[in-house]
Amino acid sequence: NYPYGENFTHVLGYVSQANEKDIENNETIKKNFVPGLKIGKVGLEKSFEEKLIGSNDIERYEVNAYGRRISQLEFQKGEKGKTLKLTIDTEIQKLANELLKDQAGSICVMDIYTGEIIAMHSSPSFDPNLFVFGISKDDWQIIRNDPMKPLVNKTLQGNYSPGSTIKPIVALSALENGIINTNFTVKCTGKTEMYGQTYHCWKKKGHGIVDLKNAMKQSCDSYFYEISRRLGVDKLSETAKKFGLGKKVLGAHFESEKKGLVPDTKWKKNTLGKGWLLGETIITGIGQGYIQTTPLQLCLMTAQLANGGYQITPKIVMKKDKVNFNEFRPLFKNKKNIKIVQEAMYSSTNEIRGTSYSSRIKDPKYRFAGKTGTAQVKRITERDRELDLETSQIPYNERDHALYIAFGPYKNPRYALSILIEHGGSGSSVAAPLAKKLFKKIIDRHEIRVNHAKNKYLDI
């Protein structure tokens, strides 16, 4: 029985009757098999099958020729399966489900020091109870044919262009490699011409002369085109991978998790057999082109920027081992560079003309820093630019994905989040407002989680 219904489906998965393939592929299932045995099919139900399955009671009887029991020969008491305690906060998870109602997307929330995942929701979801005793044909067809793909765990399996949410990493990489400093400026006229190609900034008339802080605040594409060009894709790739992009985050628990793609010159040569082009570096710098990330990777990236640039190990199951903060491995060359990026993200949310300024919270208790992202799903033509259509006027599948990453409270950060709305349009108008509601709930429940943590280091 799944009392929380669709709230935990993509985390827990579900159990259903074991089939022939399940029995052949798993010795524990084979050993415990009896007709009607239910086993984990996906999610944590599957990955922790051997701990959760337990063993059956066994009774042996002597029977007569008619099959009637005469006497009991043997009785073996079975063992109940183990109990797993998750790091997920049920109330935050339920709020994530509510905020994504009728939309396709993902919300992740992570503790930036312990790596504990506080919420991890993929939308739309479905009721796992439908599968326990065998799903009806009608219910299966409804779920399978839903164009928003409820069967896909978008948090882990969705590969998306990160759009401008990659800009904090681009800025950090350029600072770390001595390509720029805080005084470096670029004149944004609305477009950049290079080798016969035109690279547009999202603001048609341009942002004028911008430094790092203002470029991050207003998400100026021209600035990031230029620093990416100077930086080169290989150095950018190195920094992005350090911060968790391009590799699985919870792969041990979710076999379906995708690792995304952080491209470099070697990758393109080996995979596509072609040399890397400068134009590809430029668009990678604004999170377009070959680069692909999962929402969970973006949450981890943000968490490691928020904690001062230290590596953490994400976890979704409570463990006995306590976090040793002295063993954190730094991911930076100069700590000042992390601070510069954090301050730029703060200005993006809390200063006038910041792309998520309308979603800010004035109360320091809840104040957060973030970065909006709008990822194209199709190439924008000159005709599209001239038409300049509202999101509602564009066919659903051609609309941009809306993204947002954030951490808070800003003065003493503790939580990071990532939000993705498929075909939602603008990150600033669609994704960022959800962070406002989330941070209030996350921070209000912080003490409850801290008190709960005192009792969490128990045997599973």
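**Figure 1. Lys242 at the end of its helix in the predicted model.** Lys242 is found in helix 13, which spans residues 233-242, in a model that is predicted. With a relative accessible area of 31%, Lys242 is partly exposed, because a residue is called buried under 20% and exposed over 50%, and partly exposed in between. When its neighbours within four places in sequence are left aside, Lys242 is in contact with Gln304 and Leu331. Lys242 and Gln311 are separated by 69 residues in sequence, yet the distance between their C-alpha atoms is 8.4 Å.

**Figure 2. The chain as a whole, shown as the setting for the close-up views.** The chain is built from 20 helices and 13 strands, and its C-alpha atoms fill a box of roughly 95 × 50 × 40 Å along the principal axes. Of the 460 residues, 51% are buried. Where contacts join residues at least 6 apart in sequence, 69% of them link residues at least 24 apart. The chain exposes about 22900 Å², of which carbon and sulfur atoms supply 48%. The chain carries 71 positive and 50 negative charges, and the mean positions of these two sets lie 6 Å apart.

Figure 3. After helix 10 comes Gly178, which has a positive phi near 70°.

Figure 4. The largest nonpolar core comprises 75 residues, of which Met120, Tyr223, Phe224, Leu296 and Ile316 touch the most other members. Helix 16, residues 295-306, gives the most to this core, with eight residues. Another core, of 27 residues, lies apart from the largest one, and among its members are Leu95, Leu100, Ile118 and Ala435.

**Figure 5. The contacts of Tyr223.** Tyr223 is one of the residues that touch the most other members of the largest nonpolar core. If residues up to four places away in sequence are not counted, Tyr223 touches Ile180, Phe184, Thr185 and Val186, and also Val210, Asp211, Leu212 and Ala215.

**Figure 6. Lys191 in strand 8.** Lys191 lies in strand 8, which runs over residues 191-194, and its relative accessibility of 44% makes it count as partly exposed. Without counting residues up to four places away in sequence, Lys191 touches Thr198, Tyr199, His200, Cys201 and Ser222. Asn214 is 23 residues from Lys191 in sequence, and the two C-alpha atoms are 17 Å apart in space.

Figure 7. Pro409 is found in the loop between strand 12 (401-408) and strand 13 (415-421).

Figure 8. Lys149 is not a glycine, although its phi is positive at about 55°, and its place is in the loop between helix 8 (137-144) and helix 9 (154-157). With a relative accessible area of 53%, Lys149 is exposed. His423 also is a residue other than glycine with a positive phi, in this case near 50°, and it is found in the loop between strand 13 and helix 19 (427-444). At 12% relative accessibility, His423 counts as buried, whereas Lys149 is exposed.

Technical notes: Residues numbered from 1 in each chain as written. Predicted model: local features only at pLDDT ≥ 70, side-chain atom pairs only at ≥ 80, totals over all residues. Heavy atoms only, no water. Helix = DSSP H or I, 4+ residues; strand = E, 2+ residues; numbered from the N terminus. Buried < 20%, exposed > 50% of the residue type's maximum accessible area, 1.4 Å probe, protein only. Contact = heavy atoms within 4.5 Å. Areas by Shrake-Rupley, 256 points an atom, 1.4 Å probe, with all protein chains shown as cover. Lys, Arg positive; Asp, Glu negative; His and termini not counted. Charge placed at Lys NZ, Arg CZ, Asp CG, Glu CD. Core = buried A, V, L, I, M, F, W, Y, C linked by side-chain atoms within 4.5 Å.
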